[in-house]
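Subject: Structure handover

Hello,

Here is the structure you asked about. Please open it first, then read my notes below.

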Amino acid sequence: MSQLPRTLSAVLLHAQRLKRRGWRQWLWLEGDPDDARREAQTLWHAHAWQAPLWVGEHPPCEPALLASQARTQLGQEHQLIVFDAANGGLDPDALGALGGTLLAGGLLVLITPCDWGNAADYDYRRMTDYPYAWESLTFHYLARLARLLRAEAGVIRWRVGKSLQLPRLPPSAQQQTLPPDADCLTHDQARAVAMLAGLKRRRPLVITADRGRGKSAALGIACARLLDKGIDTIWVTAPRPAAVAPLFARLAALCPQGERPSPHEVRLASGQRVVFIAPDALSASVERAELGGDGSYLLVDEAAAIPAVLLGRWLQAFPRIAFATTVHGYEGSGRGFALRFRDQLDRYTPQWCELTLNTPVRWREGDPLEATLNRLLLLKAPLPPRVSDASAPYRVTQAALAQDETALGALFGLLVQSHYRTTPADVRQLLDGPATQIRVHGPMHAPQGVVVTRSEGGFTPELAEQVARGERRPQGHLLAQSLAAHGGCRRALTARWRRVTRIAVHPDARRQGSGQALLEDEMASARAGEVDLFGATFGAEAGLVRFWRQAGFVPVRVGISRDTSTGEFAVMVAKALTSHGESVLAELCQRFQAAFFNLLAFELRELPAGVLVQLLKDWPPLTLSELQRQDAEDVAYAKRDPRLARGALQTLSVNAGQQALTQEQQAALAALTGWAFQNRPLEKGHKAAVAALRQTVALLL
């Protein structure tokens, strides 16, 4: 018998052993790319795999998809996935997404050339900022993956034409018992369904789980139970429609009589329905009081990938609400979600409940593939311990970080818990992103704070003009390009910038000045390098605007549309580091201030009032003239129609926002600012709204 059949037979026999144990495994197929693809193709046809999938460009087998389409497979199940990283490169997010779709007895086959890890691959082009070429980037991330794979005991190594190394499998885990609920696969899932179907008013449920624990299917089963109880409408939201595909698939299976007007809606003949709504549309409807209120239901899947400020608004609007989230993985960080959101749960609904799903659904405990994916993609990067450290922040090189797995895990764990959307590709960006700088506070193995920045700008005047006119869009340079293309400032692109891409402080060390110290040190370094401006962009949240203002930054742009995933407007801030930077910043502020008030009445009418108050604190000082004060007093103490004194009340808002106010006056300022600039009524009825407005004006006068 030739070497090839023996190798193939050994792999298939090993897959059978995996299936008996309820496990899956990573198969690393190295060699000449064409030879490796032929071997993978032979493996594909040698067994009746359930729903095999080929990922990569120019696939020899079908069905297939590009790595960029990996998220379309969320909720699907495969027993063989061939990931061709030799053709098109390795997309870490695609690998993370597809790993969770593999069934027991399945193989995740990664095809790489023999020298994989010795150079950047073609997928690096997606993070290559102008004017870099992807071939010139460092490749610390790929070298790390190759190094870890060689040392990983739970990986099958197949070197084409040379050898096959099959890892020994430990004894199979004990068979898990099925729950009494016939619709559920685990006792965990059955408990979740029971709690979801019995949601109590103002007692929200928070479900957390690692990937593959059946939380989305539990939501679908619970929806069917709630429809049986006569609930009219159940709203479902998630960062992306694909995230709730398992929910609707399970719901449709349990409600075969229901119609599917769209892939994200199930409607019964009675008119009862379960409907997906995107976070931005949901927030807008809640703010207009079109959704929410007594008797309303909302289920939030992958809540960790949605800003806590939005979750808080929904929490107050929907009396019966549940939040489900993945604890680790590319979807978001459940740990960060808990840290940011727990305060709001305790404040608004102190009787909230929590449930954790531990038992896997698609595979059994001890699964080798889950352990390998967690290790290589840092899906369980731990939050470092809290330690006291009075030393100054210091620069960490990408090369040093790539060689220290403990430090990398701790640093990434710190970043994960501070940001609502962190993916495996962010590790690659951290290690190989061009012009990326990393500054850390605290020990390398227990960092207490980190700031990550990237270089932007420095364009020629000709290229800056083309960008501003919408004729060119070079890759990267998010902040500088936006200020030129949307704000019209050409000099924003010719100037040299450092943009903060991530900043994180240990949750137990916040509000102690660590974040400000990191920024000051990084700005000093940038200033020494003749960088003109320091900047950042983030979701519009009052606390974040306050943080950046306290660091000396001023707003230079607010995006005019909500992000479809976060439901927030983007805020851009900047600080000048040189005299040239001061000149550019003056132009940016002038352009921003000239357009902002007009945008508030239209495109930014739904910008949160708390954010608006913070943005106006750095506005050029406005003083109430005698005539304007008279107009404001006529509104407060007489019967003057407030609409006819709007100009005076706008001036009063800006003036009051720059004064020291009591807590009661701060609340009044937010209400007045929302009315004066965005025409947002203080109460529902006209008479009540006018009365409340008069009281607010009097309080600020």
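This is a predicted model: local features need pLDDT of at least 70, side-chain atom pairs count only at pLDDT 80 or more; totals for chains, interfaces and linings use all residues.

Now look at W619. Its relative accessibility is 8%. That is under the 20% cut-off, so W619 counts as buried.

These two residues belong together. The ring centres of F597 and W619 are 5.0 Å apart, and the planes meet at 20°. Planes under 30 degrees apart count as stacked, so this pair is stacked. Where do F597 and W619 lie? F597 is in helix α20, residues 579-600. W619 is in the loop between α21 (609-616) and α22 (626-637). The two parts are 22 residues apart in sequence, so the pair ties them together.

Other aromatic rings

How many aromatic pairs does the structure hold? There are 13. Another of them joins W44 and W54. The centres are 6.0 Å apart, with 50° between the planes. This pair is tilted. It links distant parts of the chain, with W44 in helix α2 (residues 33-45) and W54 in strand β2 (residues 53-55). The two residues are 10 apart. Are W44 and W54 buried or exposed? Both are buried.

Ring pairs also build a cluster. Its members are F534, F538, F547, W548 and F553.

Charges over rings

R24 has its charged end over the ring of W363, 3.6 Å from the ring centre. R428 has its charged end over the ring of Y124, and here the distance to the centre is 5.1 Å.

Strands

Finally, turn to strand β12, residues 273-276. Which strand pairs with β12 in the parallel sense? That is β9, residues 233-237, over four bridges. Within this pairing, look for W235, which stands opposite V275 in β12.

Strand β11, residues 265-267, also joins β12. These two run antiparallel, with three bridges between them. Here V266 stands opposite V274 in β12. β11 and β12 form a hairpin with five residues between the strands. In that hairpin, G271 takes a positive phi near 95°.

Best wishes

Key
Residues are numbered from 1 along each chain as its sequence is written. Side-chain values use heavy atoms; hydrogens and water are left out. Rings of Phe, Tyr and Trp (its six-membered ring) pair if their centres lie within 6.5 Å; planes under 30 degrees apart count as stacked, over 60 as edge-to-face and the rest as tilted. Buried means under 20% relative accessible area, exposed over 50%, partly exposed in between (1.4 Å probe, protein chains only). A charge sits over a ring if NZ of Lys or CZ of Arg is within 6 Å of the ring centre and within 35 degrees of the ring normal. Two strands pair if DSSP finds at least two bridges between them.
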